Amino acid sequence: MAAGPIDRRHRDRPTAQRRDCRIPRSTGAAASPYDRVDTELRYVGSGALIVWGLDEAVRGVNPFRRALGGLVLLWQAAGLALR
């Protein structure tokens, strides 16, 4: 039986024995390196939506856009209040 690329990837080269391909257990104590970036992006996104919603509520070209801006402002205010 010919060894395919996946089979070769899971074998130890010197001995040709199959390697154990388990994912190591997480201790749960280590924080993800993306936690800080994720938090910053959430605040930037929330700020952008607040600015957009305020702009649409004040200068919207039609009543639908003004109402949509107001709803986005309410949604963001509720999200910030629940954090």
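**Helix contact, surface patch and salt bridges**

Biologist: Which residues of H2 meet H3?
Modeller: The model is predicted. On the H3 side, the residues are Arg65, Arg66, Leu68, Gly69, Gly70, Val72, Leu73, Trp75, Gln76 and Leu80. Their partners in H2 are Ser46, Leu49, Ile50, Trp52, Gly53, Leu54, Glu56 and Ala57.

Biologist: How many residues of this contact are nonpolar?
Modeller: The contact of H2 with H3 holds 3 charged and 5 polar residues. Its nonpolar residues number 10.

Biologist: At what angle do the axes of H2 and H3 cross?
Modeller: Two packed helices are described by the distance and the angle between their axes. H2 covers residues 35-59 and H3 covers residues 63-82. Their axes come within 7 Å. The crossing is left-handed, and its angle is roughly 145°.

Biologist: Which helix gives the most to the nonpolar patch?
Modeller: The patch lies on the surface and is formed by Leu49, Trp52, Phe64, Leu68 and Trp75. Together they have about 520 Å² of accessible area. H2 and H3 each supply at least two residues. With 3 residues, the top contributor is H3.

Biologist: In which helix is Trp75 found?
Modeller: Trp75 is part of the nonpolar patch. It also belongs to the contact with H2. Its helix is H3.

Biologist: What separates Arg42 and Asp38 along helix H2?
Modeller: Arg42 forms a salt bridge with Asp38, with the closest N and O atoms 3.3 Å apart. The salt bridge count comes to 3. Because Arg42 and Asp38 are 4 residues apart in helix H2, their separation is about one helical turn.

Terms used. Residues numbered from 1 in each chain as written. Predicted model: local features only at pLDDT ≥ 70, side-chain atom pairs only at ≥ 80, totals over all residues. Heavy atoms only, no water. Axes fitted to C-alpha atoms, helices over the stretch in contact; angles between N-to-C directions. Left-handed = near helix turned anticlockwise from the far one by under 90°. Contact = heavy atoms within 4.5 Å. Nonpolar A, V, L, I, M, F, W, Y, C, P; charged D, E, K, R; others polar. Patch = residues over 30% accessible without salt bridge, like charges linked within 9 Å, V, L, I, M, F, W, Y side chains within 5 Å. Areas by Shrake-Rupley, 256 points an atom, 1.4 Å probe, with all protein chains shown as cover. Salt bridge = Lys/Arg side-chain N within 4 Å of Asp/Glu carboxyl O.
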